[in-house]
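Take a walk through this structure, one step at a time.

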Amino acid sequence: MAKKKKAFPAIKKKNQGKFTKWAMANGFKDACSAAAAVMKSPKKYSETIVKQANYANNFGCSMKKK
């Protein structure tokens with residue numbers, strides 16, 4: 001029996017763009033470079049930023065590379 005695919009985890013409308021805005025305010029050129037930097041040293045950042053960076057890496061940045 002085949003596994004059923006899970007639905008794409010959508011971002012709530014009120015949270016869209018928050019990580020990109022944070023990345024630009026903190027001197028990163030884009031969200032993907034910020035996500036990579038956060039994931040290299042997650043202890044330097046808040047839990048929320050790490051979660052947003054992980055989401056960006058898994059769904060946003062990985063799709064841009066293809």
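A residue counts as buried when its relative accessible area is under 20%, as exposed when that area is over 50%, and as partly exposed in between. Keep those cut-offs in mind. The model is predicted.

Begin with helix α1, which spans residues 18-25. Its buried residues are Phe19, Trp22 and Ala23. Looking down the axis of α1, you find these buried residues within an arc of 100 degrees, so they line one face of the helix. Turn to the face of α1 that points away from the buried side. The exposed residues Lys21 and Ala25 sit there. After α1 comes Gly27, and its phi is positive, near 85 degrees.

Now step back to the whole chain. The protein has three helices and zero strands. Read from the N terminus, the elements run α-α-α. The protein has 66 residues, and 20% of them are buried. Its accessible surface comes to about 5,600 Å². Carbon and sulfur atoms account for 58% of that surface. Contacts tell another part of the story. Take those between residues at least 6 apart in sequence: 33% of them join residues at least 24 apart.

Next, the aromatic rings. How many aromatic pairs does a search of the whole structure find? The search finds four. One of them joins Phe19 and Trp22, which are stacked, with 5.6 Å from centre to centre and 20 degrees between the planes. Phe19 and Trp22 are three residues apart in helix α1, so about one helical turn separates them. Both residues are buried.

Trp22 also pairs with Tyr45, and this pair is edge-to-face. The ring centres of Trp22 and Tyr45 are 5.7 Å apart, and the planes are at 85 degrees. This pair links distant parts of the chain: Trp22 belongs to helix α1, while Tyr45 lies in the loop between α2 and α3, 23 residues apart. Is Tyr45 buried or partly exposed? Its relative accessibility is 21%, so Tyr45 counts as partly exposed.

Move on to the cysteines. A disulfide is a covalent bond between the sulfur atoms of two cysteines. The structure holds one disulfide. It joins Cys32 to Cys61, with 2.2 Å from S to S. Cys32 lies in helix α2 (residues 31-40) and Cys61 in helix α3, so the bond ties together parts that are 29 residues apart in sequence. What is the handedness of this disulfide? The torsion about the S-S bond of Cys32 and Cys61 is about -110 degrees, so the disulfide is left-handed. Cys61 has a relative accessible area of 4%, so this residue is buried.

Finish with the charged side chains. Side chains of opposite charge can pair when their charged atoms come close. A search of the whole structure finds one salt bridge. In it, the side chains of Lys51 and Glu47 meet at 3.3 Å, N to O. Both residues lie in helix α3, which covers residues 47-65. Lys51 and Glu47 are four residues apart, about one turn of the helix.

How values were computed. Residues numbered from 1 in each chain as written. Predicted model: local features only at pLDDT ≥ 70, side-chain atom pairs only at ≥ 80, totals over all residues. Heavy atoms only, no water. Salt bridge = Lys/Arg side-chain N within 4 Å of Asp/Glu carboxyl O. Helix = DSSP H or I, 4+ residues; strand = E, 2+ residues; numbered from the N terminus. Disulfide = S-S within 2.5 Å. Buried < 20%, exposed > 50% of the residue type's maximum accessible area, 1.4 Å probe, protein only. Contact = heavy atoms within 4.5 Å. Areas by Shrake-Rupley, 256 points an atom, 1.4 Å probe, with all protein chains shown as cover. Phe/Tyr/Trp six-rings, centres within 6.5 Å; stacked < 30°, edge-to-face > 60°. Arc of directions from axis to C-beta.
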